Amino acid sequence: MTGAVQELPAWARRLGHAGLLPFVGGALLVHLVWPEAHPYAVLALSAYAATIVSFLGGVHWGVAFTQAQPDPRLFAWGVVPSLLAWVAIVMPPSAGLVVLGVMLVACYAVDRRLYVAHGLQRWLVLRFRLSAVAALCCFLGAAGS
């Protein structure tokens with residue numbers, strides 16, 4: 001592992017990786033369950049992905065709360081992931097999971113700037129890994145729906 005990952009608390013890495021279990025499990029279930037259970041597997045993966053996308057938007061509010069004069073763009077962007085995740089949940093899963101996967105990538109791209117601007121860059125390697133696996137699982141889930 002690189003030095004940036006080693007600087008992170010071990011519990012944060014473990015919790016981050018544990019958070020991938022519903023993504024990986026959901027993507028597998030979409031492809032493995034019998035037809036009667038398929039809609040539930042797709043819904044479970046979609047709902048969890050939407051929850052995480054919303055959480056990633058909330059990080060921007062948290063960063064803004066630490067500032068005396070926060071940039072209003074932090075609050076504005078902070079609601080965008082939640083709104084798009086909500087739209088993705090009501091779409092057909094084959095499209096909604098693609099939107100959620102793209103949002104995971106987009107959130108990471110936005111956060112690359114945010115994290116550096118606020119001295120949080122040591123978290124970027126972990127964020128990249130978690131976002132890449134989560135987005136891949138969404139795309140695999142979309143392919144199976």
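This report describes the cores, a surface patch, the salt bridges and some aromatic pairs of a predicted model.

## Nonpolar cores

The largest nonpolar core has 26 residues. Those with the most contacts inside this core are F23, V53, L97, L100, L104 and C138. Five helices each supply at least two of the core's residues: helix 3 (21-32), helix 4 (38-65), helix 5 (72-90), helix 6 (93-117) and helix 7 (124-143).

C138 shows what such contacts look like. Leaving aside residues up to four places away in sequence, C138 touches F23, A49, L97, L100, G101 and L104. There is also a second, separate core, made of seven residues, among them A64, L74, L114 and L124.

W61, F65, V79, L83, W86, V87, I89 and V90 make a nonpolar patch of about 800 Å². Helix 4 and helix 5 are the elements that give two or more residues to the patch. Helix 5 gives the most, with six residues; L83 lies in this helix.

## Salt bridges

Side chains of opposite charge can pair when their charged atoms come close. The structure holds two salt bridges.

In one of them, the side chains of D71 and R73 meet with a distance of 2.6 Å from N to O. D71 is partly exposed, at a relative accessible area of 27%, while R73 has 63% and is exposed because the cut-off for that class is over 50%.

The other salt bridge joins D111 and R127, whose closest N and O atoms are 2.4 Å apart. This pair links distant parts of the chain, since D111 is in helix 6 and R127 in helix 7, 16 residues apart. Both D111 and R127 are buried.

## Aromatic pairs

A search of the whole structure finds five aromatic pairs. One of them is W61 with F65: the ring centres are 6.0 Å apart and the planes stand at 85°, so the pair is edge-to-face. W61 and F65 are four residues apart in helix 4, which means that about one helical turn separates them. W61 is partly exposed, at 32% relative accessibility, and F65 is exposed, at 59%.

W61 also forms an edge-to-face pair with F75, with 4.8 Å between centres and 90° between planes. W61 lies in helix 4 and F75 in helix 5, so this pair ties together parts that are 14 residues apart in sequence. F75 counts as partly exposed, at 24% relative accessibility. Together, W61, F65 and F75 form one aromatic cluster.

Note on methods: Residues numbered from 1 in each chain as written. Predicted model: local features only at pLDDT ≥ 70, side-chain atom pairs only at ≥ 80, totals over all residues. Heavy atoms only, no water. Core = buried A, V, L, I, M, F, W, Y, C linked by side-chain atoms within 4.5 Å. Buried < 20%, exposed > 50% of the residue type's maximum accessible area, 1.4 Å probe, protein only. Contact = heavy atoms within 4.5 Å. Patch = residues over 30% accessible without salt bridge, like charges linked within 9 Å, V, L, I, M, F, W, Y side chains within 5 Å. Areas by Shrake-Rupley, 256 points an atom, 1.4 Å probe, with all protein chains shown as cover. Salt bridge = Lys/Arg side-chain N within 4 Å of Asp/Glu carboxyl O. Phe/Tyr/Trp six-rings, centres within 6.5 Å; stacked < 30°, edge-to-face > 60°.
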